Amino acid sequence: MSAPNDIILFHYPFSPFAKRVVWYLTLRQIPYAQCLQPATLPRPDLSQLGISYRRIPILSLGKSIYCDTRLILSKLDAAFPHSNLSPPSVEQTAIRKLLESWTIDGGIFARAAQSLPPDLPIMKDATFTKDREAYTGRSWSQESVSALRPEALVHIRSAFDELENGLLADGRAWILNTAEPGSADIDTIWPFHWLIGLKVALPKQLISSQSHPRVFAWCDRFDEAIKRAKASIPKPVTLKGEEAASFIKSASLPHVEFGADPVFEGDPTGLKPGMMVESWPTDSGFRNKDRGKLVKLNKQECVIENEMGLRIHHPRWNFRVNRVEEGREAKL
Ligand SMILES: N[C@@H](CCC(=O)N[C@@H](CS)C(=O)NCC(=O)O)C(=O)O
């Protein structure tokens, strides 16, 4: 079994973060393989590769494992240049990054997750809620979920308003007024598209196609564009965990390194190549630390080589990397 373009996407299809990567690959017409994962831990397909990072999606390119959609998308931009999704101007590139930061760090995703109604069957599934307590570090009890929801909906309504009366107010088709949907649409649409698609998440008296017609129409247009793009590339090859693992283990390291800043000198952490380190996200999924030899640390990423010789790439934003004593038991 092989993976088109050496890409394997580990995800589950209803993950809104994973959709960012699926849409990107689809719109850019880059064929890929996928290895479908359960929505909760354990994920033996990843454990057998010595990957502790628990968030979805993860993307492998040869023997390199990329964590976090921001890093994944910039790596794909570098590995497959000449993207028709690149925003045309410096200003638009900057806005794109700000929109990405708004949806990921500006609280939109967190509030979207808190908007889910407590009576959804999945919110009563103890395996799921216990798993998400470990992932978010907050309580997912029925009481806590109910208590957080009203405020979350107030925030989400503001976010819908921002788009309706902001970037989409002039009736443009795409967020940066491009001819086709671009990266800026992917960076903005995913939490809105997710909530609208869930049908039951948004109370109609607050947010609907009547109150926010431009946002809803933008999501419909985006779905149509994805449908068209999907029809003109091969379906992703679906690999079983064993197949994905043997492909990755026998792959080489042909990954494209982006960023002309491979130096360690001057990194505020003082870490040096060859040191044993642990690296993990600090905003969610923080209990799962990857451990290995530090091979690269620059402004964009921290790369560690794990015990299986895989290179695990973490971004520097909202991640921590610490030195650990060689031989000390890893806390998984
Ligand atoms: N900043 C990360 C966040 C990824 C994330 O939180 N993904 C969610 C799924 S949408 C997740 O991992 N949930 C817990 C899990 O599936 O284990 C990214 O951009 O990739």
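Modeller: A nonpolar core is a set of buried Ala, Val, Leu, Ile, Met, Phe, Trp, Tyr and Cys residues joined through side-chain atoms within 4.5 Å. Buried means under 20% relative accessible area, exposed means over 50%, and partly exposed lies in between, with a 1.4 Å probe and protein chains only. This is a predicted model, in which local features need pLDDT of at least 70 and side-chain atom pairs count only at pLDDT 80 or more, while totals for chains, interfaces and linings use all residues. Residues are numbered from 1 along each chain as its sequence is written, and side-chain values use heavy atoms, with hydrogens and water left out.

Biologist: Which residues of the largest nonpolar core touch the most other members?

Modeller: The largest nonpolar core has 60 residues, and Ile 7, Leu 59, Leu 76, Phe 160 and Trp 218 touch the most other members. Domain 1 (4-82 + 235-323) and domain 2 (90-228) both contribute residues, so this core lies between them. Another core, of 28 residues, lies apart from it and includes Ile 8, Cys 35, Leu 297 and Ile 312. The domain bounds come from an automatic or database domain assignment.

Biologist: What is Trp 218 in contact with, beyond its neighbours in sequence?

Modeller: Contact means heavy atoms within 4.5 Å. With neighbours within four places in sequence set aside, Trp 218 is in contact with Leu 163, Leu 168, Ala 173, Trp 174, Ile 175, Asp 185, Thr 188 and Ile 189.

Biologist: How far apart are the C-alpha centres of domain 1 and domain 2, and how many residues does the contact take from each?

Modeller: The C-alpha centres of domain 1 and domain 2 are 25 Å apart. The contact takes 24 residues from domain 1 and 24 residues from domain 2.

Biologist: What makes the pair Glu 100 and Lys 97 a salt bridge?

Modeller: A salt bridge is a side-chain nitrogen of Lys or Arg within 4 Å of a carboxyl oxygen of Asp or Glu. The closest N and O atoms of Glu 100 and Lys 97 are 2.7 Å apart, so the pair meets that definition. Both residues lie in helix 4 (residues 90-104), 3 residues apart, about one turn of the helix. Helices (H or I, at least four residues) and strands (E, at least two) are DSSP runs, numbered from the N terminus. An α-helix has 3.6 residues a turn, so residues three or four places apart point the same way.

Biologist: Why is Glu 100 called buried, and why is Lys 97 called partly exposed?

Modeller: Glu 100 has a relative accessible area of 1%, under the 20% limit, and is therefore buried. Lys 97 stands at 40%, between the 20% and 50% limits, and therefore counts as partly exposed. Glu 100 and Lys 97 also belong to a network of salt bridges with Arg 20, Arg 96 and Asp 187. The whole structure holds 21 salt bridges.

Biologist: Where in the chain do Arg 316 and Asp 267 lie?

Modeller: The side chains of Arg 316 and Asp 267 meet in a salt bridge, at 2.7 Å from N to O. The pair links distant parts of the chain, 49 residues apart: Arg 316 is in the loop between strand 9 (311-315) and strand 10 (319-323), and Asp 267 is in the loop between helix 10 (241-250) and strand 6 (276-281). Arg 316 is partly exposed at 23% relative accessibility, whereas Asp 267 is buried at 14%.

Biologist: How do you know that Asp 131 and Arg 132 are both buried?

Modeller: Arg 132 has a relative accessible area of 7% and Asp 131 has 9%; both values are under 20%, so both residues are buried. Their side chains meet in a salt bridge, 2.5 Å from N to O.

Biologist: Which residues come nearest to the ligand?

Modeller: A residue is near a molecule if one of its heavy atoms lies within 4 Å of it. Of the 13 residues around the ligand, Tyr 12, Arg 54, Ile 56, Thr 69 and Tyr 135 come nearest.
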